[in-house]
Amino acid sequence: MGCSISRASVLDCLSVLYPQDQLRALPIPIPPSTTITATATVTMQIFVLMLSISGGILRLRAFQALGTQFTFNISPSTTSKLITTGPYTIVRHPSYLGVLGLNSGLIAYHYIFARPGPMRFWAGTSYVGLVLVVLCVLMLLTSIYTTMWRATDEDEMLKRKFGEEWEQWRREEETM
């Protein structure tokens, strides 16, 4: 079974990223009578906003589950216990996953949907816009790298502190 994509659906998807006058300048034959609509825009906006909101909520729920054990430093207190409730029953690092969702959603929203917005306007018109886009991509990649690095360090620290209890929880969490 093949997959067919209509010209209208391609234009609809492109209209999320580009204004109508820029689409007409593309080397795609578009009849002058064609109206380029953006039905995908609302769906994409909802998705991006839900990604940000759910990332923020997940991060807050992780902080709430940790309670007084939460710190921005990776170091257990002498009275700490392994938290395996709340969002920790689903994912090992809900706070980090939440911040990645939040950052990804915010960057996507500001680049794609902020109209006219500085990134949206400058990205196609100047070197300043190109620099802004590159900086945002670098910020997201840095966020991913540092989050993965912190998660690895946190796993090693928890394994040293809680030993077999942490190993058992890790195995149970990975099977979900």
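**Fold.** I read the order of elements along the sequence and got α-α-α-α-α-α-α. That is seven helices and zero strands in the chain. I note that the model is predicted.

**Totals.** I looked up burial for the 176 residues of the chain, and 30% of them are buried. The accessible surface is about 11,700 Å², with 67% of it belonging to carbon and sulfur atoms. I then took the contacts with a separation of 6 or more; residues 24 or more positions apart account for 64% of these.

**Core.** I listed the largest nonpolar core and found nine residues: A62, L82, I83, Y88, M157, L158, F162, W166 and W169. Helices α6 (127–162) and α7 (164–175) each supply at least two residues of this core. The most comes from α6, with three residues. In soluble globular proteins, nonpolar side chains tend to be buried together. I also checked A62: leaving aside neighbours within four places in sequence, A62 is in contact with P87, Y88, P94 and S95.

**E154.** E154 is buried and has no salt bridge. The nearest side chain of opposite charge is R150, 5.3 Å away, which is beyond the 4 Å cut-off for a salt bridge. I did find a polar contact at 3.3 Å between the side chains of E154 and H93. Not counting residues up to four places away in sequence, E154 touches I74, H93 and Y96.

**Salt bridges.** I searched the whole structure and recorded five salt bridges. One of them joins the side chains of R92 and D155, at 3.3 Å from N to O. This pair links distant parts of the chain, 63 residues apart: R92 lies in the loop between α3 (39–66) and α4 (94–113), and D155 lies in helix α6. I have both R92 and D155 down as buried.

Next I took R170 and E167, whose closest N and O atoms are 2.7 Å apart in a salt bridge. Because they are three residues apart in helix α7, R170 and E167 are separated by about one helical turn. Salt bridges that share partners join K159, E164, E167, R170 and R171 into one network.

Within that network, I looked at E164 and R171, which meet in a salt bridge at 2.8 Å, N to O. E164 counts as exposed because its relative accessibility is 53%. R171, at 39%, counts as partly exposed.

Conventions. Residues are numbered from 1 along each chain as its sequence is written. This is a predicted model: local features need pLDDT of at least 70, side-chain atom pairs count only at pLDDT 80 or more; totals for chains, interfaces and linings use all residues. Side-chain values use heavy atoms; hydrogens and water are left out. A nonpolar core is a set of buried Ala, Val, Leu, Ile, Met, Phe, Trp, Tyr and Cys residues joined through side-chain atoms within 4.5 Å. Buried means under 20% relative accessible area, exposed over 50%, partly exposed in between (1.4 Å probe, protein chains only). Helices (H or I, at least four residues) and strands (E, at least two) are DSSP runs, numbered from the N terminus. Contact means heavy atoms within 4.5 Å. Lys and Arg count as positive and Asp and Glu as negative; His and the chain ends are not counted. A polar contact is a pair of N or O atoms within 3.5 Å; within protein, one must be able to donate a hydrogen and the other to accept it, and residues adjacent in sequence count only if both atoms are side-chain atoms. Accessible areas come from the Shrake-Rupley method with a 1.4 Å probe; for residues, only the protein chains shown count as cover.
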